[in-house]
Every structure is written in C-alpha cells, then in structure tokens.
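I opened a new notebook page for this one.

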Amino acid sequence: MALVSHGEKDKELLMAWKGEGNNLQLYWSSYDEAAKKWSDPGHVAGSGSTDAPALVRHDGAIRMLWTGIEGDINVFESRFNNGGFDSQIKLPSVIQSRYRVSAASTGKALYIGWREDGGVVRVACHDQARQVAILERLPEGLPRCPIAPSLAYAGGHLYLASAGDGREQPMWICRRKM
C-alpha cells in the first residue's frame, strides 16, 4: 500500500494498493479532508502486479509505479489526472525487477529504487526528458537486501533505506548529495 498527499494545500490523500490474494489489479482511492470521506475505489486500466505500487509527487503530478505480474520484470508508471490514472507506460528496460519499487522526487528528477535477484539494490534517475541513468549499485560491500528499498529526498540529499540480512546489520541507510 502507498500513500501521498495532494490537492489544494495538501488537504487530500491518495492511496494505492494491489488487490487481495490472487487479485493482481491495482486500485486507488482519494480522501477529501473537507468531506471527511474516501472516494469509491478506482483501478488503473490494464494494470497488474504481484506487489504493492509506489506513489510519488513529481513534475506537478502524482505518479504510481509498479512491477508487472508473475514473470513480467518490467516496471510501469501511470499519472493521476482529472480524478483517475492515465494508461500505463512501460519504463525503459534498464529498470526491471520482480520486487516492489520505490520512488522519490527532487522536483527536477525522479529517482526509482529497486532490488534485483540476489539482493543487489539499484537506484536510477529518470529525468523530465524520460532518460534513465543508473546511479550505482548501493551500497557496495553491505549485506544483500532481502526486501525492496525505500527512497526519500530531504535537505538536498537522496536517502535510501533497506533491511540488511537481519543478523549483523538489521537495517542500513545511505545518503547522497543531489
């Protein structure tokens, strides 16, 4: 499940989630603070995932990002417009994962984090020209990551947090000046 604020003065929330059990569809609902209620759930047409989506505000829009269904390692994106999500767009093949993705925005660039098989964590910059550059494998020498990383941007730095191997290093955080 993912949650992001939006609307005038951030007085609304947008929530997105994967269906329960074998239901692979992606759903969303918006909370209106003034009305004190959630909208009826909507779904992203043609979408499907084995994991929960990520939500991020970037370039004036809310974006949902997710991995495909079983056997599909592509990562997809959709933008929230006029009370619903646009059709999905497949991101360039340099970003592929079987596991949940995460995202953070600097306002100028969208950063996407994911875990590859074997626990290697990667982060890519996806800019306004729809170009993608792999930043690096983060971090070299630390334990393999059993779950997808989380990303956040604050104070001019991109932060990456992830679980370690659960024994010697239960969690690690990396920071990079942007």
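Below are my entries, in the order I made them.

**Ground rules**

I am looking at a predicted model, in which local features need pLDDT of at least 70, side-chain atom pairs count only at pLDDT 80 or more, and totals for chains, interfaces and linings use all residues. Residues are numbered from 1 along each chain as its sequence is written, and side-chain values use heavy atoms, with hydrogens and water left out.

**Entry 1: overall build**

I looked up the secondary structure and found zero helices and 17 strands in the protein chain. For the record, these are DSSP runs numbered from the N terminus, helices being H or I of at least four residues and strands E of at least two.

Next I checked burial: 44% of the 178 residues count as buried. Buried means under 20% relative accessible area, exposed means over 50%, and partly exposed is in between, with a 1.4 Å probe and protein chains only.

The accessible surface is about 9500 Å², and carbon and sulfur atoms hold 48% of it. That area comes from the Shrake-Rupley method with a 1.4 Å probe; for residues, only the protein chains shown count as cover.

I also looked at contacts, meaning heavy atoms within 4.5 Å. Taking contacts between residues at least 6 apart in sequence, 36% join residues at least 24 apart.

**Entry 2: the cores**

Which residues have the most contacts inside the largest nonpolar core? I found Leu 14, Leu 55, Met 64 and Phe 85, in a core of 14 residues. A nonpolar core here is a set of buried Ala, Val, Leu, Ile, Met, Phe, Trp, Tyr and Cys residues joined through side-chain atoms within 4.5 Å.

Strands S1 (2-6), S2 (12-18), S3, S7 and S8 each supply at least two residues of this core. S7 gives the largest share, three residues.

I then followed Leu 14. Leaving aside neighbours within four places in sequence, its contacts include Val 4, Trp 28, Leu 55, Ile 62, Phe 80 and Phe 85.

Apart from this core lies another, of eleven residues, with Val 56, Ile 95, Ile 112 and Ala 124 among them.

**Entry 3: charged pairs**

Side chains of opposite charge can pair when their charged atoms come close. I counted a salt bridge when a side-chain nitrogen of Lys or Arg is within 4 Å of a carboxyl oxygen of Asp or Glu. That rule gives five salt bridges.

Asp 59, Arg 63, Glu 77 and Arg 79 are linked in a network of salt bridges.

Elsewhere I noted Arg 122 with Glu 116, whose closest N and O atoms are 2.7 Å apart. Glu 116 is partly exposed, at 24%.

Where is Lys 36 found? It is in the loop between strand S3 (26-32) and strand S4 (37-38). At 54% relative accessibility, Lys 36 counts as exposed.

Asp 59, from the network above, also has a positive phi, near 55°. I located Asp 59 in the loop between strand S6 (54-58) and strand S7 (61-67). Asp 59 is partly exposed, at 39% relative accessibility.
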